[in-house]
Amino acid sequence: MYLKKLELQGFKSFADKVTLDFEKGVTAIVGPNGSGKSNISDAIRLVLGEQSIKSLRGSKLEDVIFAGSENRKPLGFCEINLTLDNSDGYLPFDYTEVVITRKIFRSGESEFFINKTPCRLKDIYELFLDTGVGKEGYSIIGQGRIDEILSAKPEDRRQIFEEAIGISKYRYKKEEAERKLTAANDNLLRLNDIVVELE
Ligand code: ATP
């Protein structure tokens, strides 16, 4: 699996539609200060489900939508499309190409799609679990992240190793099952109260 293409429209400094094609191997993005290099990695994190606006260098979600310039009005929404080549079947998905889309509106709402089919953020999270690619993955190492990893508490560092060896999925499923069990127990308690009232 590798990152094949990134399409941006209305995202931060990219008002018009921009397509970046990535070849296999190493790609370097170079440009003057402020030309939008970091905006590209922000877009990748955002489409993979990043919810922390701070880490995307804004204060609210709508800050990622093109804010207008001297001769252009601000835009109402932005769209990010990330294409991954999955011809090696690395992702548990029956397609050789996986396109993840996120649309963000000024209202702060987001819409997510996998191969043009609407989905939930949770579906994207689950698709990338244990691949190292998701929003908590280690495939994007931002400025200062290495220091953060080195000085992190052992429990926090452990998360990175768990993702790498493929057990995050089981931890996630266990937590989900525990949440469901708690909800079922709460419902049982409520049912018992009703039964007692009716008796
Ligand atoms: P450096 O080399 O200094 O780190 P960079 O190439 O990584 O710079 P970015 O930080 O990616 O640059 O881009 C910053 C530019 O993006 C700034 O010019 C800023 O005005 C612009 N920008 C950020 N958010 C928006 C927005 N919502 N609308 C329009 N432009 C934006």
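Colleague: Taking two residues as in contact if their C-beta atoms, placed from the backbone, lie within 7 Å, what covers the buried residues of α1?

Modeller: The cover includes β1, β3 (77-85) and β4. Helices here are DSSP runs of H or I with at least four residues, strands are runs of E with at least two, and both are numbered from the N terminus. This is a predicted model, in which local features need pLDDT of at least 70 and side-chain atom pairs count only at pLDDT 80 or more, while totals for chains, interfaces and linings use all residues. Residues are numbered from 1 along each chain as its sequence is written.

Colleague: Which residues of α1 are buried?

Modeller: Asp42, Ala43, Leu46 and Val47. They cover an arc of only 125° around the axis, so they sit on the same side of α1. The arc is that of the directions from the helix axis to the C-beta atoms. A residue is buried if 20 or more other C-beta atoms lie within 10 Å of its own, exposed if 12 or fewer, and partly exposed in between, with C-beta atoms placed from the backbone.

Colleague: What follows α1?

Modeller: Glycine 49, and its phi is positive, near 110°.

Colleague: And α2, which of its residues are buried?

Modeller: α2 covers residues 121-128, and Ile124, Leu127 and Phe128 are buried there. Seen down the axis of α2, these fall within an arc of 85°, so they line one face of the helix. They pack against β4 (97-105), β5 and β6.

Colleague: Lysine 122 is in that helix too. Buried or exposed?

Modeller: Lysine 122 counts as exposed because it has 11 C-beta neighbours inside 10 Å.

Colleague: What does isoleucine 100 contact, leaving aside its neighbours within four places in sequence?

Modeller: Val47, Leu48, Leu82, Ile114 and Ile124. Val47 is one of the buried residues of α1, and Ile124 is one of those in α2. Isoleucine 100 itself lies in strand β4 and is buried because 23 other C-beta atoms lie within 10 Å. Phenylalanine 112 is 12 residues from isoleucine 100 in sequence and 7.5 Å from it in space, C-alpha to C-alpha.

Colleague: Changing topic. What does UniProt list as "binding site"?

Modeller: The unreviewed UniProt entry lists Pro32, Asn33, Gly34, Ser35, Gly36, Lys37, Ser38 and Asn39. UniProt positions are in the numbering used here, feature names are shortened, and annotations may be inferred rather than shown by experiment.

Colleague: Where is asparagine 33?

Modeller: In the loop between β2 (18-21) and α1 (37-47). Asparagine 33 counts as exposed, as it has 5 C-beta neighbours inside 10 Å. Glycine 34 is in the loop between β2 and α1 as well, and with 9 C-beta neighbours inside 10 Å glycine 34 counts as exposed.

Colleague: Which residues come nearest the ligand?

Modeller: Of the 14 residues around the ligand, Asn33, Lys37, Ser38, Asn39 and Ala67 come nearest. A residue is near a molecule or strand if its C-beta atom, placed from the backbone, lies within 6 Å of it.

Colleague: How many residues of each class are in that shell?

Modeller: Three nonpolar, eight polar and three charged. Ala, Val, Leu, Ile, Met, Phe, Trp, Tyr, Cys and Pro count as nonpolar, Asp, Glu, Lys and Arg as charged, and the others, Gly among them, as polar.

Colleague: What is phi of lysine 12?

Modeller: Near 45°, a positive value in a residue other than glycine. Lysine 12 lies in the loop between β1 (2-9) and β2 and is buried, with 22 other C-beta atoms within 10 Å. Asparagine 115 also has phi near 45°. It lies in the loop between β5 (110-114) and β6 (117-119) and counts as partly exposed, with 13 C-beta neighbours inside 10 Å. Just after α2, aspartate 130 takes a positive phi of about 70°.

Colleague: And overall, which domains are assigned?

Modeller: Domain 1 (2-166) and domain 2 (173-199), with bounds from an automatic or database domain assignment. Their centres, taken over C-alpha atoms, are separated by 38 Å. The protein has five helices and six strands, and buried residues make up 18% of its 199 residues.
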